[in-house]
Structure formats: C-alpha cells, structure tokens
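Try each task yourself before you read its solution.

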Amino acid sequence: MSTSSTVDRAFGAALYDTDDTALDTAASLLAADPAADAELARRGEEFVATAWRRGWQPADVVRIVRRELDDVHVRLAAGLIRAQAAHDRPRGPRWAAQLEDLADQGAAPRTDRFSHATAVLELYRLLLRLPVLEPLEAEAPRHGPRSESRALARIRALLAKAEATGYPQEAEALSAKAQELMARHSVDEALLSAHAPSPDAPGACRIGVEPPYEQVKAVLLDAVADANHCRAVWNEALGFSTVVGFEADLEAVELLYTSLLVQAETAMTKAEAAQRAGGRKRTKTFRQSFLAAYAHRAGTRLRAVAERTAAERAAAGAGAADADLLPVLASREVAVTDRLERMFPETTTTRLRGVDDAAGWTEGTRAAERARVGRRRPLPGR
C-alpha cells in the first residue's frame, strides 16, 4: 500500500468524523506505517496554506489551537507553520514578526507512534474546520523607518518600566510619557504620509483577547483603539479583536493595550488582597467590575491626552504641514471608518455583563487614575 493511500484512509476515517473510535482507527493506520510520516507532514502544510487563503495568520492559528487543544498541538502547529513558510511568499513585517515568535515553540515531544498520530489528527481536524476570516490586506509602506523604530523602542521601554515598578507614582509618570510619545508619533506619521508621493492606507491586525474576563478586556482594547485613531471589532467566538487603523497607530494600540492589561491585573490583585484583609470576600463580579471601571476610566483619559496633543501641535505649528494637521487627521478618520465598514458591513453591540460590584468599580476607577496618561513633568534625564 502506498503512503498516500495510508494517509487517505486515515483521513477518510477520522477527519470528517468527531467520533473517538474513528480517531483511534485512523491513528492505528498511521502508527503502523512509518513510511507515511513525510506525506502526513506534507498534508499538514497544505492545511496551513489553506488557512492563509481563508484569511488566517500565524498568530491566529496558534491562538485558536491553544484555545481549543493542548500544548502538544500548539507545538505541532508551530512546526507546520515554520515548515510551510519556507515555501511561502513574503507577506510583510507583521507576518514575519509572527513567524519569529514561533521560534520559541520547541518541537513537539515524540512519544509512541499511536499517541503522536492521534495528536496530529486532532490538530488537522481543527485546521480543516477553520472558518473564513475577513482578509487583512498587505501592510502599508512605512516612511522613515529609523525614526519610527527609535520612537517605538522608547515607548516600549517606558511601558516595560511602568509594568515592572512597584511604585504607583512612577508607573503613572512612565505611562504618561509613553502615551504622549504615542500621540506625537501618530501626528508625525500622519503628516509624513499626507505629503508623501503615495500616502498610506489604513490596515488591520488581530489582537488576542484571552480568558478570563474576555468581554471587559475587549472593552479596554476598544477604548485604547479609539483613543489612538483606530477602531476595534471583537470576535468573541474566536478570541480576538480586529483593529483597523494606520500602521503606526496599530503598533501603539498593541503596545498600550498589553501594558495597561498587565498594570490592571497587577492593581486588581492588590485591591483584592486589601479587600480580603478587611474581611470582605471578593468574587468574580468584583474582578469583572474592577476591569470594566478600569477600561472606562483609562479610555476617557487616553482620549483626552490624544486630543490635547493634536490640538497643541496644530496651534503651535508654524509651517504649512502643521497647519494642515486637523484636516489630515479628519481624512484619516474617514479612511479608517470606510475600511472598517468594508471589512465588517454588519456588526452588533453587546451588553456588558456582570458589572454590578460597587467596590470593584470603585477600586478599578482608582487604579485607572493611578495609571492615568495626562501630561506630567519630564522624567529625570529625559
């Protein structure tokens, strides 16, 4: 029997059936034929290539595999993606960065042949059933990459320090400086693009919204996106939000959302400890309310500093480029909205659930105040 026939028989028995008996039968066929291993791996690469045609990206596949299956399946998926990439076309810096992230995923441990074949078939079942996603178009060209890299590196460093410090006032100052740099960087990129021979167009990226408390985390991401000239649409079933905006703003949203989430969870842990020390037991509703209040307050302050930075820049500008700032920002907002509506012609709103703990809301608001992003004095040495 040919190796192709072995794989075909195994797939016919297991991939289109969710029954465990069928899975065992298929895994036994593959385990008994070591010569079929190469063909089995090649078919896996084909499943990955099909996922790309359906709009998925490497980080999306790894996220859904981690969400639905186990670590061994994540390692198998990462190996398939790395192998398929050798035969794939270049897909832009963001895609390349996702492939680099997979380097941390080691090879799947090889146990007995039957267990390995079972894990492979479970992974292929999932890949086969991936739905079609809204395609993310090629990334827009970047202007002034050296300047942009320096700005983003400084922002990233400031946010890392804000996450690591145990002093709220220091975290506040670091986060404030980072947001001001983000707003300034966004303005600079907007003006640069507007006067370039080929102005940028808005793009999109997907950002994972992980459990628990996905709904309030999605609200926080939406608030960060809105404050940074982007729009977000949450896909609850698949565990991510699609963020639409210009490239520099998309990078700012990714950085700031991740940092604020870390700061919020750290503050929430401390608030719960204080509540328990006072003899009050806190529950899931406390945490849900805490994060919802944090998202609401942080979003309000983020929008305020972004609007103030743009207005101050426009008022202080002496050149024609600065005088054109507000029309440029308005046109970019229209472009982002148009791209969003083309990608998602039908969206629905969701009522925020489980936000009824007054203490959680109060503590979350206080935490957002401590992480506020308004103007502060320059940090020493900056």
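**Exercise 1.** Find the helix that holds Asp60, then decide: is Asp60 buried or exposed?

*Solution.* Keep in mind that you're looking at a predicted model. Start with the location: Asp60 sits in helix α4, which covers residues 58–68. Next, check the accessibility. Buried means under 20% relative accessible area. Asp60 has 3% relative accessibility, so Asp60 counts as buried.

**Exercise 2.** Skip the neighbours within four places in sequence: which residues is Asp60 in contact with?

*Solution.* With those neighbours set aside, you're left with Gly55 and Arg206.

**Exercise 3.** Work out how helices α2 and α7 pack: what is their angle, and what do we call that arrangement?

*Solution.* First, locate the pair: α2 spans residues 20–31 and α7 spans residues 113–128. Their axes are 8 Å apart, at an angle of about 125°. Now classify that angle. Roughly perpendicular ends at 115 degrees and roughly antiparallel means over 145, so α2 is oblique to α7. Last, the handedness: the crossing of α2 past α7 is right-handed.

**Exercise 4.** Sort the residues where α2 meets α7: how many are nonpolar, polar and charged?

*Solution.* List both sides. From α2 you have Leu23, Asp24, Ala26, Ala27, Ser28, Leu30 and Ala31. From α7 come Arg113, Phe114, Ala117, Thr118, Leu121, Glu122 and Arg125. Sorting them gives eight nonpolar, two polar and four charged residues.

**Exercise 5.** Zoom out: how many helices and strands does the chain have, and what share of its residues is buried?

*Solution.* Count the elements: 15 helices and three strands. Then take the 382 residues of the chain: 47% of them count as buried.

Note on methods. Residues numbered from 1 in each chain as written. Predicted model: local features only at pLDDT ≥ 70, side-chain atom pairs only at ≥ 80, totals over all residues. Heavy atoms only, no water. Axes fitted to C-alpha atoms, helices over the stretch in contact; angles between N-to-C directions. Helix = DSSP H or I, 4+ residues; strand = E, 2+ residues; numbered from the N terminus. Parallel < 35°, antiparallel > 145°, perpendicular 65-115°, else oblique. Left-handed = near helix turned anticlockwise from the far one by under 90°. Contact = heavy atoms within 4.5 Å. Nonpolar A, V, L, I, M, F, W, Y, C, P; charged D, E, K, R; others polar. Buried < 20%, exposed > 50% of the residue type's maximum accessible area, 1.4 Å probe, protein only.
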